Amino acid sequence: MRDPANEDGHREPRAVAEAVARRSYGKLLAFLAARTRDVAGAEDALSEAFSAALTDWPANGVPRSPEAWLLTVARHRMVDAVRRRRVGEDAAPHLQLLVELADTEDRADGEAAIPDDRLPLMFACAHPAIEAGIRAPLILQTTLGFDAATIASAFLVSPATMAQRLVRAKNKIRQAGIPFRVPERADLAERLEAVLDAIYAAFAEGWSDPAGTETRRRNLAAEGIWLGRLVASLLPEEPEALGLLALMLYAEARRGARRNAAGDYVPLAEQDPAAWHATLIDEAEALLFRASGIGRTGRYQLEAALQSAHVVRRQWVGTTGRADWAAIVQLYDALLAMTASPVVAINRAIAVAETLGASAGIAALDSVAGDARLAEYQPYWAARAGLLARTGNVDAADAAYAQAIGLESDPAVRAFLQRRRKMLGS
Amino acid sequence: MQYLLMIYGNEAAMTPATPEQSSQMHAAYGAYTEALKKAGVLLGGERLKPTSTATSVRVAKGKTEVLNGPYAETKEQLGGYYMIDVADLDAAIAWAARCPGASFGTMEVRPIWPMQ
């Protein structure tokens, strides 16, 4: 089992454990949870297995298959936990499931042999018997190992509330007997939406680390695209699955262009199309074309189409090309009618400013200003500041920039906003 | 897993049913029960008399209180139940949807808490 010549064997045990956690957390959890229906129990067991690795590996060397090692330890912890606390519940069938698990594991000597149950796990989390608002957070936590606090910040909910709702949802999966499987065609569309939302949330969380300094978050964007490719390949006739993958690829294509050589933030309108990843954009355009041919429009296809209207600038040389703003306003109108999202309304206001002028953009922003969720939403204040500056309303723009700067967590974006603020009235 | 399928419906709307409607409903439930048996998932099930026949009992501070009527006045009342043993919630939902009661009211699906 121990093999000092192995690639991982040369590395620090802690670094190997972290690498495995990043690479395989969701796969290991899906495997354990799908066979016991006990998501919380699987999480606890897996977390104990990772702690055990940090004690065992430095002393005994990194095992040849770290995944299989972790799975074995986690399984034993699950059996122990079942014996300890499953009084009054169906311990017998549960133990039977764990025996099956052991059989599978004996055959699974190595990483490749561990089946990938992430898709069935995602559909269990997206089951209609689970409260709608908690489905995406639950998928994020189980497939990527996010803690409740991280998820809470992404979904604008308090950490304590998020933790409580996640616990309730996991209990429901176990106690109500929610199956871990991809649903039949008849139920697919409805359940797919929640799965796609969760994948996009994971991608967005990873994409929001433009400097690429946090490996874990950068990995999230890659995981999101990987999950998107998986779903799109399994469900090639679902236009929204194709639309989501296209959307993520458009965004990924612009990842590098968001920073110049000095590491400064570059807004979309000022990005050099030559810095975009042409192959990814071509793939995205092809996916979007295929999706629109199926003839059922939806949120992700509209968002991908918006990206497509921005990348038409590729056809011009340098940064002189203009995005198709008229099309962008129309697409935002459709998206707003579908989602009623204040975030969509902000982006629509920016597009309106491009077609009808800054004052019209400000008027469009005013229509959502009453939404309490926007008070602490940086893009709202940044958009407002930019439009106020263009109308020459320096004092109001200055105050809005101050608000946006105070709410921004990315240093490069903060510096960009500070530069814009200094340019006011000059 | 074992599930209780509870059949909720509006008693007031059911009462003035014509004899033909009643016998049609009776036949539909008969066929449904037969299908459950054939599938080998039926553990039991009964129809309940209307809530006008219900009596509620509770013991508070050592004193037994007997109340006329159901536990809660609701728009739809529990009219019967089936107990089934199936693989998972999706299978239980599929059977609940086939019950004639699902077309006239609401089926509540609850997992049984197994005792040792």
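Visitor: What should I know before I start?
Guide: This is a predicted model, in which local features need pLDDT of at least 70 and side-chain atom pairs count only at pLDDT 80 or more, while totals for chains, interfaces and linings use all residues. Residues are numbered from 1 along each chain as its sequence is written, chains are lettered from A and ligands numbered from 1 in the order in which they are written, and side-chain values use heavy atoms, with hydrogens and water left out.

Visitor: Okay, chain A. How many helices and strands are there?
Guide: Chain A has 19 helices and 0 strands. Both kinds of element are DSSP runs numbered from the N terminus: helices are H or I with at least four residues, strands are E with at least two.

Visitor: And what share of chain A is buried?
Guide: Of its 426 residues, 50% are buried. Buried means under 20% relative accessible area, exposed means over 50%, and partly exposed is in between (1.4 Å probe, protein chains only). Chain A exposes about 19200 Å², with carbon and sulfur atoms supplying 53% of it; those areas come from the Shrake-Rupley method with a 1.4 Å probe, and for residues only the protein chains shown count as cover.

Visitor: What span should H13(A) have?
Guide: At 1.5 Å a residue, the 13 residues of H13(A) (299-311) should span 18 Å, and the end C-alpha atoms are 19 Å apart, which agrees. The expected span is 1.5 Å times one less than the number of residues.

Visitor: Let's go to Ile294(A). Where is it?
Guide: Ile294(A) sits in helix H12 of chain A. Its relative accessibility is 30%, so Ile294(A) counts as partly exposed.

Visitor: What is Ile294(A) in contact with?
Guide: Leaving aside neighbours within four places in sequence, Ile294(A) is in contact with Pro236(A), Glu237(A), Pro239(A) and Leu242(A). Contact here means heavy atoms within 4.5 Å. Glu240(A) is 54 residues from Ile294(A) in sequence, and their C-alpha atoms are 9.9 Å apart.

Visitor: Now the core. Which residues have the most contacts inside the largest one?
Guide: Those are Leu70(A) and Leu5(B), in a nonpolar core of 107 residues. A nonpolar core is a set of buried Ala, Val, Leu, Ile, Met, Phe, Trp, Tyr and Cys residues joined through side-chain atoms within 4.5 Å. Leu70(A) touches residues including Val20(A), Leu28(A), Phe50(A) and Trp57(A), not counting those up to four places away in sequence. Apart from that core lies another of 25 residues, among them Ala345(A) and Ile362(A).

Visitor: Over to chain B. What does it contain?
Guide: Chain B has 4 helices and 6 strands, running β-α-α-β-β-β-β-α-α-β from the N terminus. Of its 116 residues, 23% count as buried.

Visitor: In what order do the strands of the open sheet come?
Guide: The order of the 4 strands is E2-E5-E1-E6 (chain B), with antiparallel pairing. Strands pair if DSSP finds at least two bridges between them. The edge strands are E2 (42-47) and E6 (106-111) of chain B, each pairing on one side only, and the twist averages 20° from one strand to the next.

Visitor: What packs on that sheet?
Guide: Helix H2 (19-38) of chain B does, touching E1, E2 and E5 of chain B, and its direction makes about 25° with that of E5(B). Axes are lines fitted to C-alpha atoms, for helices over the stretch in contact, and angles run from 0 to 180 degrees between N-to-C directions.

Visitor: Last one: what do E3(B) and E4(B) form?
Guide: They form a hairpin with 2 residues between them, and Lys61(B) in the turn has a positive phi of about 50°. The two strands are joined by 6 bridges and run antiparallel, with Arg58(B) opposite Glu65(B).
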